[in-house]
Amino acid sequence: RAAHWSFSSVGAARAVCFLWLVQMAILRAQAAGRDFPDVDFVLQTGDGAQSTVTEMYQWDNPGPLFGSVKCGSDASVAVPMSLHDQFGAYGSGAMSLKMYAGATDRLTKWDSVDWEDKQDKLFFSAGSHPGKKAAFRRGFRKQLLDIKSPLFHTVYEELEMTESSKYRYLVYAYGRCGWSRRIHELAFFHATVFLEASNCTEFFMPKFEAMVDH
């Protein structure tokens with residue numbers, strides 16, 4: 001089942017990505033000798049969550065809705081679909097474990113700075129391009145960027161992720177719920193990450209534990 005206002009080519013690619021992830025889950029279950037039960041997936045390929053789906057698209061007990069965003073405490077479940085996903089590429093719907101291996105290799109090479117050589121500061125950056133959608137305007141990011149401290153380095157600019165490798169302490173601050181995704185990269189860095197608490201979480205977020213070295 002799909003709920004959307006415009007099924008664009010990008011939306012179609014996200015649907016393909018979602019089905020690929022489901023296929024991987026089924027194959028994994030079969031390999032472990034477990035049955036995969038009959039299930040009714042509800043998919044939102046656009047920028048919305050269950051709370052934003054109009055009544056004309058709903059039915060009794062419609063959740064959970066799988067989509068690209070996670071808002072508040074509604075029935076939506078954020079899953080990685082095409083946009084910003086380690087398993088594939090944006091726009092095409094192409095997904096593979098080979099792509100994942102390549103992305104993982106790239107991420108692990110980004111942080112080549114030893115802990116002893118990193119700056120003993122907390123670092124955060126966000127894009128400063130003009131317009132209402134500017135990344136630094138979202139969530140609490142502007143408050144972070146306006147902090148003045150010799151121990152806090154903030155930049156109103158979209159920088160290469162390798163810049164984060166120079167610092168011991170990094171910040172993951174949500175911008176637009178499920179669209180925020182920098183934690184995908186920061187999790188690979190040899191640094192302490194300050195993670196903003198939020199209901200806008202992805203499927204893997206519960207695995208992170210405070211004060212635990214991952």
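Student: Which residues make up the largest nonpolar core?

Tutor: This is a predicted model, where local features need pLDDT of at least 70, side-chain atom pairs count only at pLDDT 80 or more, and totals for chains, interfaces and linings use all residues. Residues are numbered from 1 along each chain as its sequence is written, and side-chain values use heavy atoms, without hydrogens or water. A nonpolar core is a set of buried (under 20% relative accessible area, 1.4 Å probe, protein chains only) Ala, Val, Leu, Ile, Met, Phe, Trp, Tyr and Cys residues joined through side-chain atoms within 4.5 Å. The 12 residues here are Phe123, Val155, Met161, Tyr167, Leu170, Tyr172, Tyr174, Ile183, Leu186, Phe189, Phe204 and Met205.

Student: Which element gives the largest share of this core?

Tutor: Helix H4 (183-186) and S6 each supply at least two residues; helices (H or I, at least four residues) and strands (E, at least two) are DSSP runs numbered from the N terminus. The largest share, 3 residues, comes from S6.

Student: In what order do the strands of the open sheet lie?

Tutor: Two strands pair if DSSP finds at least two bridges between them. Strands S5 (152-155) and S7 (192-195) are the edges, each pairing on one side only. With parallel pairing, the 4 strands have the order S5-S4-S6-S7.

Student: What is the bridge partner of leucine 122 in S6?

Tutor: S4 (residues 119-125) and S6 (residues 167-172) run parallel, joined by 3 bridges. Glutamine 119 stands opposite tyrosine 167. For leucine 122, the partner in S6 is tyrosine 169.

Note on methods: Buried means under 20% relative accessible area, exposed over 50%, partly exposed in between (1.4 Å probe, protein chains only).
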